[in-house]
Amino acid sequence: MTAFDPNRFVLEHDQETPKEILHAAYRAFGELTISFSGAEDVVLIDLALKVAPKEDVRVFSLDTGRLHAETYAFIERVRDHYAIAIDVRVPDTEDIQALVHEKGLFSFYRDGHQECCGIRKVAPLRRRLAGLPVWVSGQRRDQSPGTRSSLQIAERDSAFGSEQAPLFKINPLARWTSDDVWTYIRMFDVPYNALHERGYVSIGCEPCTRPTLPGQHEREGRWWWEDQGGKECGLHAVNLTPQASSSA
C-alpha cells in the first residue's frame, strides 16, 4: 500500500456519498475496521458489507460494563442480522477495581467523566487500534458543534497513532445529519437500539445517558451535569485539539 494522504483523500472524495467514501477507503487500505456502538455505526456496517467482502470488514464494540440492557441486546441483534463476528472489548479489571475502591461507583458525577471513560473506553480502544492502519467511525459534524463541526471525512489520528505507526480515521458520515441516518435506517430496515424509541438520541453508558427533550441537542443527553461545550469521552480526542480543523 502506498502512503495514504488524508488531505488528498478529502479533496478527491469529500462530495461523494458515504458508500463511495467507504469504497474508496477499502481500495486504499484493503480492509475496513468499524467501531460500533450506535445507529450511525450500523449504517456503516450495512454500507461496508455492500462495498467489501465480509472477511475484510471487521467490527468491534466497547463494553464498558455499564451499558443499558437494551444496548447489549442491540449488539446481539446486529451480530445476528448481518451474521458477522463482533469483537467486544472490555476494560482492565484491575483498573476498574482500583477506581471503584478509591472513588466509588459514581465518581464521574463529582470529578467529571474523563477518568472513568479513560479506563472503560479509551484504554480498551487503544489496545484494539494498536497496529491498525485505519479505522472507521460514525461521527457527524452536527453531532457536537463544539468539537465536531470541522470534522473531515479522513484524518490522521494522532491520539492513537504515532509517527512510527500512523493511524488514519475515516468518517464517511461527516456531512450527514441525524435525519439522513434515520432515513437510511428505515429505508433499508437496519437494526437500531430500542432506547431510541424512548427518547434517547445519543446513547452511552447507563449512568451518563438520559433522554433529550424536544428542541434539545442530542449531546445534551450525555454528561448533562458538565459544561455543554466539549462533550467527548476520549475516543475522538483529536477533536479537542487544533488538529480537529485539519485532516493532517
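Colleague: Which residues line the second largest cavity, and how should I read such a feature in a predicted model?

Modeller: The general idea is that rolling a probe the size of a water molecule over the atoms shows where empty space is left. In this predicted model, the second largest cavity is lined by Arg66, Phe108, His113, Cys116, Cys117, Arg120, Lys121, Cys205, Pro207, Cys208, Arg222 and Trp223, and about 100 Å³ of space lies within that cavity. The structure holds three cavities of 30 Å³ or more.

Colleague: Which helix supplies the largest share of that lining, and how do its residues divide into nonpolar, polar and charged?

Modeller: Helix H7, which covers residues 114-129, gives the largest share, with four residues, while the lining as a whole divides into seven nonpolar residues, one polar and four charged.

Colleague: How far apart are leucine 32 and proline 53, in sequence and in space?

Modeller: The two residues are separated by 21 positions in sequence, and their C-alpha atoms lie 9.9 Å apart.

Colleague: What places threonine 71 among the buried residues, and which side chain does it join through a polar contact?

Modeller: Threonine 71 has a relative accessible area of 6%, and is therefore buried; its place is in helix H4, residues 69-82. A polar contact of 3.0 Å links its side chain with that of asparagine 193, and, not counting residues up to four places away in sequence, threonine 71 touches Asn193, Leu195 and Ile203.

Colleague: What share of the residues of the protein count as buried, and how many helices and strands make up its secondary structure?

Modeller: Of the 248 residues, 52% count as buried, and the secondary structure comes to nine helices and six strands. Among the contacts with a separation of 6 or more, 70% are accounted for by residues 24 or more positions apart. As for the surface, the protein exposes about 11,600 Å², of which carbon and sulfur atoms supply 51%.

Conventions
Residues are numbered from 1 along each chain as its sequence is written. This is a predicted model: local features need pLDDT of at least 70, side-chain atom pairs count only at pLDDT 80 or more; totals for chains, interfaces and linings use all residues. Side-chain values use heavy atoms; hydrogens and water are left out. Helices (H or I, at least four residues) and strands (E, at least two) are DSSP runs, numbered from the N terminus. Buried means under 20% relative accessible area, exposed over 50%, partly exposed in between (1.4 Å probe, protein chains only). A polar contact is a pair of N or O atoms within 3.5 Å; within protein, one must be able to donate a hydrogen and the other to accept it, and residues adjacent in sequence count only if both atoms are side-chain atoms. Contact means heavy atoms within 4.5 Å. Accessible areas come from the Shrake-Rupley method with a 1.4 Å probe; for residues, only the protein chains shown count as cover. On a 1 Å grid over the protein atoms alone, a cavity is a set of points where a 1.4 Å probe fits but cannot get out, and a pocket is an open set with protein on both sides within 12 Å along at least five of seven lines; lining residues have an atom within 4 Å of a point. Grid points are joined across faces, edges and corners, and a volume is the space filled by probe spheres set on the points. Ala, Val, Leu, Ile, Met, Phe, Trp, Tyr, Cys and Pro count as nonpolar, Asp, Glu, Lys and Arg as charged, and the others, Gly among them, as polar.
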